[in-house]
Amino acid sequence: MSGTSEENRECGIRHTFTVKVRDRLPNHYPEEAARLAHWCNVFDAEGLAPVVGGASAGNLSFRTPRGFMITATRSTLKSGLGWRDFVEVVREDLLGWEIHVLGERPPSSDAFLHGRIYAARPDVGAVLHGHDDVVLERADDLARLHGVRVTAQARRFGTRMDAEETAEALGDGSFVIRRGHGFAAVGKSVDEAGALAVFMHREAVRLARG
Ligand SMILES: [Zn+2]
């Protein structure tokens with residue numbers, strides 16, 4: 001059983017932290033932003049970021065020299081996104097629950113989760129979070145067969161506990177299942193993380209078919 005609640009599906013849509021806009025324009029990282037836009041399309045096409053309440057539930061980012069570039073809150077991932085549609089997070093304050101950004105829109109509600117993973121894993125250049133019911137249902141099989149990590153218990157998304165526990169569960173792995181919620185795939189690049197997300201999805205579908 002996935003145990004995904006409707007409330008917990010609004011991930012990427014509702015953020016609780018304070019956003020401080022340092023500049024309206026994000027930095028321009030043309031190649032990485034184009035790859036991020038590409039994988040936003042793939043996530044939509046593969047059903048890994050289902051539309052809930054008029055926006056896609058999922059969030060994708062890549063590391064930048066100052067922090068990371070991430071999809072904005074209430075993004076619709078399918079519609080040919082460009083670099084101005086992304087937000088650059090340049091500072092996170094976990095204690096003050098503040099995020100400082102360059103860009104026109106608030107970042108994804110999961111911005112702290114991305115930040116925790118980048119802080120813990122210097123080797124990671126991209127973090128892709130999506131929702132995949134079949135992966136949730138096959139979590140134990142994927143853990144056994146592919147070394148996928150699974151969080152100990154379901155947490156309300158977008159909270160400090162969720163961010164910290166998910167980063168901790170990921171450890172030195174490359175794919176973590178947020179129990180009752182979704183998954184995060186990481187890699188050196190957006191392409192590497194994206195390919196891993198699609199691979200796990202297809203593996204889960206194969207296992208579900210028996
Ligand atoms: Zn989510």
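Visitor: Within what distance do the axes of helices H4 and H6 come, and at roughly what angle do they cross?

Guide: The axes of helix H4 (residues 139–146) and helix H6 come within 10 Å of each other and cross at roughly 115 degrees. Axes here are lines fitted to C-alpha atoms, for helices over the stretch in contact, with angles from 0 to 180 degrees between N-to-C directions. Helices (H or I, at least four residues) and strands (E, at least two) are DSSP runs numbered from the N terminus.

Visitor: And where do these numbers come from?

Guide: The model is predicted, so local features need pLDDT of at least 70 and side-chain atom pairs count only at pLDDT 80 or more, while totals for chains, interfaces and linings use all residues. Residues are numbered from 1 along each chain as its sequence is written.

Visitor: Back to the helices, then: which residues make the contact of H4 with H6?

Guide: H4 contributes Asp-141, Leu-142 and His-146, and these meet Met-200, Glu-203, Ala-204 and Leu-207 of H6; residues are in contact if their C-beta atoms, placed from the backbone, lie within 7 Å.

Visitor: What else does H6 lie across?

Guide: Helix H6, which covers residues 190–209, lies across E4, E8, strand E10 (175–178) and E11, and its direction is at about 140 degrees to that of E11.

Visitor: What is the strand order in that sheet?

Guide: The sheet is open, with 9 strands in mixed pairing, and the order is E1-E7-E6-E5-E4-E8-E11-E10-E9; two strands pair if DSSP finds at least two bridges between them. Strand E1 (18–23) and strand E9 (149–150) form the edges, each pairing on one side only.

Visitor: How many bridges join E8 to E11, and do they run parallel or antiparallel?

Guide: Strand E8 (residues 126–130) and strand E11 (residues 182–187) run antiparallel and are joined by 5 bridges, and Gly-130 stands opposite Phe-183 in E11. Helix H1 (residues 30–45) also packs on the sheet, where it touches E8 together with strand E4 (59–63), strand E5 (68–71) and strand E6 (86–93), with its direction making about 160 degrees with that of E4.

Visitor: New topic: at roughly what angle do H2 and H5 cross?

Guide: Helix H2 (residues 111–120) and H5 cross at roughly 35 degrees, and their axes come within 8 Å. On the H2 side the residues are Phe-112, Leu-113, Arg-116, Ile-117 and Ala-120, which meet Arg-160, Asp-162, Ala-163, Glu-164, Thr-166, Ala-167 and Leu-170 in H5.

Visitor: Which residues of H5 are buried?

Guide: Asp-162, Ala-163, Glu-165, Thr-166, Ala-167 and Leu-170 are buried, and the buried residues of H5 pack against H2, E9, E10 and E11. Buried means 20 or more other C-beta atoms within 10 Å of a residue's own, exposed means 12 or fewer, and partly exposed lies in between, with C-beta atoms placed from the backbone.

Visitor: What flanks H5 in the chain?

Guide: Thr-159 lies in the loop between E9 and helix H5 (160–170), and because 15 other C-beta atoms lie within 10 Å, Thr-159 is partly exposed. The C-alpha atoms of Thr-159 and Ala-139 are 20 residues apart along the chain and separated by 22 Å. Gly-171 follows H5, and its phi is positive, near 55 degrees.

Definitions and conventions:
Two residues are in contact if their C-beta atoms, placed from the backbone, lie within 7 Å.
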